[in-house]
Amino acid sequence: SGSPGTSPPFAPAPARGLARGLARALRAQLRAAGPHAAPLSVLAPRGRTFFGSGRNFFGRGGDDGKKEEPEEKASAKASEKAGAKAESEAPGDSEGSSAPSADGAIVPVSGGRGLRKDTGPAFEPRILGLPLPRRPLFPGQQRLLQVTHPAVMKELSKLFERGSPPVVGAFLHRGETAGGQEAEDSGESSPSLLENLSQGDPLELLHSVGTRARIVQAAPFVQPGKTGQAEGLQLLLHGHDLIRLDKVLGKGPPLQLQVSRLELRKEKESRDQLRAYINETLHTIREIMKINPHFREYASMINQGLEHLERGDPHAIAHFAASLTTASGAELMQVLEEESPSEKLRLSLELLKKELDLSQIQQKIASQIEEKVSSHQREFMLREQMKMIKKELGEDKSDGTDKLLAKFKERLEGKDVPKEAKEAIDSEMEKFSNLAKESQEYQTTRNYLDWLTMLPWGVTSGETLRLKKAREILDRDHYGLSDVKERILELIAVGSLRGAVQGKILCFVGPPGVGKTSIGRSIAEALNREFYRFSVGGLFDVAEIKGHRRTYVGAMPGKVIQCLKKTQTSNPLVLIDEVDKLGRGNQGDPASALLELLDPSQNHAFLDHYLDVPVDCSRVLFVCTANVTDTIPGPLLDRMEVIRLSGYDLQEKLRIAEDYLVPNAMREVGLWPPKPKPSEPVPEEPVAEAAAGATEAAAGAEAPVDAAKEPTAATATSQEAAAELTVPPAAVGAAEGAAIEHGAVEALIRWYCREAGVRNLQKHIERICRKLATRVVEWREAQKADEPESPAGTEESGPPSPAAKGEVASTGAGDAAAASLADLDLRVTEAALSDFVGKPPFTSDRLYEGDLPPGTSTGLAWTAMGGSVLYIEATALPRPEAKPAVPTLSVTGQLGSVMKESSQISLLVARRRLAQMPEVPSSFFQEHDLYLHCPEGATPKDGPSAGVTMTTALLSLALGRPVRTDLAMTGEVSLNGKVLAVGGIKEKTIAARRAGCKVLVFPQANKRDFDELPDYLRDGLEVHYAAEYDDVFAVAFPS
C-alpha cells in the first residue's frame, strides 16, 4: 500500500477486472457479516481518489502548503462522511471511533462521553499484513489506504467471502519513514511497490509494532499515472489495538504475518504527574489552534475529540495528540511503541511543543511581511503595474493632462463666457495642470472643469417668431386650451417686435388629464426651442435644484445646470412638472430654492452650489404645471403667471375621442392600418392631445368614428413572412368595419368618464378596442379550424392601391376572407357598451328624479376632477321642553372646517330672512333641533360656495315649501346676506346641464365668467345673477 504516484509495473487489466468483481460482490457479502462487523459501503468515484500525499490531515506547516492541499481537504471531507456513516451504522463501534482523514489523518468522530473500550474482533495470531506509508495508524483512529496489487485484492476478496469485514495488521514501512517526503514530492512511491515485499525481509522493512485494524469501507478507484491508469481498492481502516510482529509466515504478496497483542502498561506513576501531562497536552493543543490556520479550520472536530479524551485513557490521549502534529513517521513510531503512559505522554507533548514553536515562527514571519508592505507601497506597485499594462496595450496617456486642457480650451472657442466664469475656469486650469493623476483632487478638478466648459455660455437656438406656424402646431397637437394658446401667441408677438422672446415663468393649473404636461413640448416646437422636463413631485432635497457642494463625493450640479448641458443652449423651454407637490425635508425647502430660479429679477445670475459662478437663466422659458394652487407657497406662486385649464365638456371630449383617441387606439391594437409615413403628403387636421402623454402629431386624422372605413393590416404568419408575400388585409385579420359609434362614445363620456380630463376616457376606449381585437382573432382561429388544410401562400395579392382610401386590391382568397370578416359585427353601439366596459358607474345625474322634498336644495360644486351636483338636505325634530331655546345645527357628510363655518352663517341668514316674513312664525329654528347633511358622505367636501344652497335648504324646511326641481345654485353668502363670487363656473355649468338643471343662480361677480363660455354651453339655460340673498330667494321661492 502507498500513495498514488505512478502506475504499477504490471498490466492493470487483471486488477481492473478483480476490483470490479469485488465491488459488485461487496454489498451482497455484507448481509452475512457478524454482529461485531461494521457495515461496508462500496463507492465508485471513477477517476477520483481520496488518498493523496500522505501528509497530516491538518497540513505540514509553512513550507508544505502546496497545490495538493485542496485534494487533501476534499479527501478529508469524503473520509469524514464515509467514516461517520460507517460508525453510525455499526452497533459495536458507535463510540470511541474517529473520523478518517486524508493520508493518515487521525481525527476522532465518535460521540458520547469519554472513550469507549472497544473490544474489537476476536484476536487471531495469523493475520494479513498491509504496509503503511509515511505515518502509522493509531488505535481508535481511521485512515484511508489504497491497494492495487491483484494478489492482495484477491486475498481480500476471500476474506470478505467469510461473512465479516476482514481484520488486517497495519505496519509502517521503514523506507517510507525515512524518505517519505522525497517520495511524496517526486511522486515515485506506488502502492504496489509497498505491497510487494518479496524482494526483502519484511522484519527489516517493517516496524515491529503496528495496529490491528478492521476494514470498515472499501471502494474501487482509478488513479491516473505516467504510464497509464492504476485501478484498485481504497480501504478505510479502523484501528483497534497494538500488535507486535513475531514472525513472517509468507512474503507474498499478500503478506502473511504472525502477531501477538501488545499489552500496554497500567498506571504505576503518580496520578498527579499523569494529570499534569494530560492537562499540558490539552492546553498545548488549544494554543496551537489559536495561531495555526490549519488547526483553526478543523477546530470543531478537534474540540470534539478533546471533550472525549479529557477523562480518558492516557495512551489514547497521547495517540490523539501525536496524530495532530506534522512529525515524521519515526517520531510518531516512538510514541506508538512506548509502553509507559507517562513517557508516551511526554513524547507526544514534545511533538506538540515543536508544532507550537513552528506555528509561532510562521505567525511571526507573516506579521513581519505584512508590516513591510504598507498601503502606500501597495498602491504605488499597483499604479506602476497599471502604467505598464496600458503601455503594452497602446493606451499610455502620460500626456493626458495636456490633452484634457486642450479639449477644455477647444470647448470654450466661440462661446461668450462671462468674466467671473472665465476667471474661475482659468484658475482651475492652472491648478489642474500641476496636479498629479494620483492625487485625490485631480478627478474632482477634472469634473468641475468638464461642467464649466460644457455649459452653453452665450449660445442660443434660433427661434420661430411666426404666429401662423405656431398656431398650426398648437392646433395640430391639442384641441381646445384656447387660453394657453392665446398666451403663447402673445409671447411670440412680443418677441417678434423686440427681436427675441424673453424668458417667462408660466404656470398651468388644471385637473389631471387636460394636457398640461404634453402642451409644454408643443410650445417648445412652436417656438423652435429645446425641450427639457423634470418633475419636482415629492422632491425634498434642495441640492436637486441648487446642486451639491464640490467637497462631497459624487457631487453634481442641480437640474437647471444639467438642463443647460444637455440642451446645449441657454434659451431652452424647461417644464417643471407637479410644482404643487413639492416636499420639504431635512435637506431644506425646495420651494424656497425655486424662488431665485423663477424670479425674473434674480435668475440672470443664478448661483449653483456646485459651479459657484453666476449662470444666466433669464432667457429660459419656464413652464410649471400643477393641479391646484393651494399647496404652492405664496412667494413662489407670486412669481408665476397662472393660466387655468378648465376641464373638457361633452362636446370637446367627443371631438377629442373621435379625432384622436379612437383612431390611435384602433391602430395600436392592429384593427386599423398604421399612420402614413412622414414622406407621404397627408392633409393636417386639428386633433386633441392624448392625456396619457402622447404629444406627437396626429397627421391624417380619420373621418368620424361611425363612418370609419379604413382597413388595417395585422401581422402575417411566420410562413408568409418567410416567403415575403403580400397578403390582403382581410386575410391577416384587418377589421375594416371596426368602429365605435357616436352614441356609444357619448354614452361612454356621460356614464363612465365624467372626470375633467380624457385620461380615463382613453383607457376605456383602449379596453373596447382590445375586446374587438379579441373577437377578430377568435373568428380567424374558428375559420382556420373549419377550413380544409391547403398549402399556404398559393395565392398572392398586390399591394393596396393608393387610388382610393380604404380600398385594397385583392384576389380570390383575400376577397372571400374580407367578405366573411364583414359579416362579423365589429361596430360598438350604445346598447352593447356594457358588454365591453361593464356596467356604468353613474346611473343618473340626479339624486331626486321627481320633485324635491321640503328642506332639500341643489347646489353646484367644483373638484379637481371637474364639476358635480351637490345636494343639501335639511330636517328638523321637535325639541324637548327641557332644552334651552337656542338654535342648534348638526352637520354631517364629511364637511371641512370652511364648510361648517359656512353652515353656521347660513343658519343666521335663514333666521333673519324668516323673521322678515310675518306670515310665518319665526320661532321654528328655536323649537326644533336642526340637522343638515350632504350626501356621498365618503367624499370630503369643503369650501364656502355652498352658502346660498344651505340657506335655501334651511328656509325650505322652515317654510315647508319645496325648491324648484330644475334649479341649481352656487355662491358664498356673507353674514349680511351678500352673495360673493366663486370659482369653477365652467365646470359647474357643465354639471348643471348634465343633471338637467335649466335654471342657474350665480353670483353677480361671476357674470363675466359665464359670458366667456361657448355658446353651446349657454344655450337653453336660464341664468340669474344674485348680489343679495333676497335675489336667490326670489328665484327659489317665486310668489
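Here, a residue is called buried when its relative accessible area is under 20%, exposed when over 50%, and partly exposed in between (1.4 Å probe, protein chains only). The model is predicted, so local features need a pLDDT of at least 70 and side-chain atom pairs count only at pLDDT 80 or more, while totals for chains, interfaces and linings use all residues. Residues are numbered from 1 along each chain as its sequence is written, and side-chain values use heavy atoms, with hydrogens and water left out.

UniProt, in an unreviewed entry, puts the feature "active site" at Ser945 and Lys988. These positions span 44 residues in sequence, yet no two of their C-alpha atoms are more than 11.2 Å apart, so they gather at one spot. As for the record itself, its positions are given in the numbering used here, feature names are shortened, and annotations may be inferred rather than shown by experiment. Ser945 sits in the loop between strand S21 (928-933) and helix H32 (947-959); helices (H or I, at least four residues) and strands (E, at least two) are DSSP runs, numbered from the N terminus. With a relative accessible area of 19%, Ser945 counts as buried.

Helix H12 covers residues 341-372, and its 32 residues should span 46 Å at 1.5 Å a residue; the C-alpha atoms at its ends are 47 Å apart, which agrees. The expected span is 1.5 Å times one less than the number of residues in the helix. Among the buried residues of H12 are Pro341, Leu345, Leu349, Leu352, Leu356 and Ser359. Ile369 also lies in H12, and together with Ile361 and Ile365 it makes a nonpolar surface patch of about 280 Å². Such a patch is made of residues with over 30% relative accessible area and no salt bridge, with nonpolar side chains (Val, Leu, Ile, Met, Phe, Trp, Tyr) joined within 5 Å and like charges within 9 Å. The areas come from the Shrake-Rupley method with a 1.4 Å probe, and for residues only the protein chains shown count as cover. Helix H30 (residues 897-915) has 19 residues and reaches 28 Å from its first C-alpha to its last, close to the 27 Å expected at 1.5 Å a residue. Its buried residues include Met899, Ser903, Leu907, Ala910 and Leu914.

Strand S9 (residues 505-509) has five of its five residues buried, so it is largely enclosed by the rest of the structure. Ile505, Cys507 and Val509 point one way from S9, while Leu506 and Phe508 point the other way. What does S9 pair with? Strand S14 (residues 621-626) is one partner, in the parallel sense and over five bridges, with Val509 opposite Ala626. Strand S15 (residues 641-644) also runs parallel to S9, joined to it by four bridges, and here Cys507 stands opposite Val642. Two strands count as paired if DSSP finds at least two bridges between them.

Another buried spot is Leu455, with a relative accessible area of 2%, in the loop between helix H16 (440-454) and helix H17 (467-477). The C-alpha atoms of Leu455 and Leu564 are separated by 6.2 Å, although these residues are 109 apart along the chain.

Then there are the charged pairs. Side chains of opposite charge can pair when their charged atoms come close. The structure holds 35 salt bridges, each a side-chain nitrogen of Lys or Arg within 4 Å of a carboxyl oxygen of Asp or Glu. One of them joins Asp426 and Lys422 (3.9 Å, N to O). Being four residues apart in helix H15 (residues 419-433), these two are separated by about one helical turn. Asp426 is partly exposed at 37% relative accessible area, and Lys422 is partly exposed at 37% as well.

Glu463 and Arg529 meet in a salt bridge too (2.5 Å, N to O). Glu463 lies in the loop between H16 and H17 and Arg529 in the loop between helix H19 (516-527) and strand S10 (531-535), so the pair ties together parts that are 66 residues apart in sequence. Glu463 is partly exposed at 24%, whereas Arg529 is buried at 6%.

A further salt bridge links Arg1008 and Glu1012 (3.3 Å, N to O). Arg1008 is exposed at 55%, and Glu1012 is exposed at 56%. Elsewhere, salt bridges that share partners join Arg212, Asp241 and Arg261 into one network.
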